[in-house]
Amino acid sequence: MNIDDIKNISVIGAGNMGHQISLHCAIKGYNVTCTDVSEKMLKKADDFVDTYLAGRVEKGKLTQDQAREARARICFTPDLETAVKDADFVIEAVLEVLDLKLKLFADIDKMAPPHAILATNSSAIVSSKIADATDRPEKVLNVHFFNPALVMKLVEVVQGPHVSDETARIAMALCDRLDKVSVHVKKEVSGFLLNRIFKVIGMEAQWMLEMGVASVEDIDKACVYGAGHPMGP
Ligand SMILES: NC(=O)c1ccc[n+]([C@@H]2O[C@H](COP(=O)([O-])OP(=O)(O)OC[C@H]3O[C@@H](n4cnc5c(N)ncnc54)[C@H](O)[C@@H]3O)[C@@H](O)[C@H]2O)c1
């Protein structure tokens, strides 16, 4: 399989991450089906598509045609099987609960085409904890988008020991096509790459505060204006 075989993306979960990942993929030319157990979340995500696209047209970021085409490429369904039956790439973004993800991956494995790659957007549950719920562990990996997914460029592609090189390569190529910047995390470490770095920065900031080196405000200012961190440490 190669990147040109990826045409249909399924997103599981229409919450904070899922609705924006779905819309981003549709804007970038993919057919997207998003599913959620909550009809309310599906309706909210569907309404957001119209509001967001209209706003992009107003700001001159998308043409009317581009917005209309993106709208036509995205749909929402409460039915998991409908969502994944034609998927080439699945991105799971449901609640951060291992048992929920295990059940979901087992179900998706039965419903999605055998070639489909199954990614989890989880920030903390590594795919090696989920992969064995499927018969395709080599195709199960973490593809970690940042919040808000329509804006943030970084995506961490985490290749656990069970993940094939082909799967990791395609996931990274997909990030390129989505106009994201991907990083290849070669080991399943807690926090992946960026959150580990942030953790150390946070601990150092806390230490400096406790030692009376600088005020909260000045530590924030240093991070915002010196390091380009929009929200401080
Ligand atoms: N919020 C963040 O900043 C952030 C950033 C990166 C990654 N993540 C990861 O993304 C995932 C989702 O986080 P979120 O913030 O979008 O959560 P959220 O609570 O906003 O959304 C989760 C959605 O999953 C739905 N859901 C629950 N069970 C389901 C099922 N069986 N099938 C389909 N949908 C189901 C819920 O109805 C809800 O709409 C988590 O694994 C989290 O670790 C979150």
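Visitor: In which helix does Glu69 lie?

Guide: In this predicted model, Glu69 lies in helix H3, which covers residues 64–73.

Visitor: Why is Glu69 called partly exposed?

Guide: The relative accessibility of Glu69 is 41%. Buried requires under 20% and exposed requires over 50%, so Glu69, at 41%, counts as partly exposed. The C-alpha atoms of Glu69 and Gln206 are separated by 48 Å, and the two residues stand 137 apart along the chain.

Visitor: Arg71 is also found in helix H3. What makes Arg71 partly exposed?

Guide: Its relative accessibility is 23%. The label buried is kept for values under 20%, and exposed for values over 50%; therefore Arg71, at 23%, counts as partly exposed.

Visitor: What makes the pairing of the Arg71 and Asp50 side chains a polar contact?

Guide: The side chains of Arg71 and Asp50 are joined at 2.9 Å. The cut-off for a pair of N or O atoms is 3.5 Å, with one atom able to donate a hydrogen and the other to accept it, so the pair at 2.9 Å counts as a polar contact. Besides Asp50, Arg71 touches Asp46, Val49, Leu53 and Phe76, leaving aside residues up to four places away in sequence. Arg71 and Asn31, 40 residues apart in sequence, have their C-alpha atoms 9.9 Å apart in space.

Visitor: Why is Glu92 classed as buried?

Guide: Glu92 has a relative accessible area of 0%. Since buried means under 20%, Glu92 is therefore buried. Glu92 is found in strand S4, residues 89–92, and a polar atom of its side chain lies 2.9 Å from the backbone nitrogen of Val94. The residues that Glu92 touches include Ile12, Lys101, Phe105 and Asn121.

Visitor: How do you know that Thr167 is buried?

Guide: Thr167 has 1% relative accessibility; the limit for buried is under 20%, so Thr167 counts as buried. Thr167 has its place in helix H6, residues 165–177. A polar atom of the Thr167 side chain lies 2.8 Å from the backbone oxygen of Glu138. Thr167 also touches Ile117, Lys139 and Leu141, not counting residues up to four places away in sequence.

Visitor: What makes the span of helix H8 close to the expected one?

Guide: Helix H8, residues 216–227, has 12 residues and reaches 16 Å from its first C-alpha to its last. The expected span is 1.5 Å times one less than the number of residues, which for H8 is 16 Å, so the two values are close. Just after H8, Gly228 takes a positive phi of about 75°.

Visitor: Which residues have the most contacts inside the largest nonpolar core?

Guide: They are Ile9, Tyr30, Phe89 and Phe145, in a core of 42 residues. Phe89 touches, among others, Ile6, Ile9, Ile117, Val143 and Leu174. A second, separate core has 16 residues, including Leu80, Ala87, Ile108 and Val140.

Visitor: Which residues come nearest to the ligand?

Guide: Of the 21 residues around the ligand, Asn16, Met17, Asp36, Glu96 and Lys101 come nearest. A backbone N or O atom of Asn16 lies 2.9 Å from an oxygen atom of the ligand. A polar backbone atom of Met17 is 2.8 Å from a ligand oxygen, and an N or O atom in the Lys101 side chain is 2.8 Å from an oxygen atom of the ligand. Taken alone, the ligand exposes 840 Å², of which the protein buries 79%.

Methods: Residues are numbered from 1 along each chain as its sequence is written. This is a predicted model: local features need pLDDT of at least 70, side-chain atom pairs count only at pLDDT 80 or more; totals for chains, interfaces and linings use all residues. Side-chain values use heavy atoms; hydrogens and water are left out. A nonpolar core is a set of buried Ala, Val, Leu, Ile, Met, Phe, Trp, Tyr and Cys residues joined through side-chain atoms within 4.5 Å. Buried means under 20% relative accessible area, exposed over 50%, partly exposed in between (1.4 Å probe, protein chains only). Contact means heavy atoms within 4.5 Å. Helices (H or I, at least four residues) and strands (E, at least two) are DSSP runs, numbered from the N terminus. A residue is near a molecule or strand if one of its heavy atoms lies within 4 Å of it. Accessible areas come from the Shrake-Rupley method with a 1.4 Å probe; for residues, only the protein chains shown count as cover.
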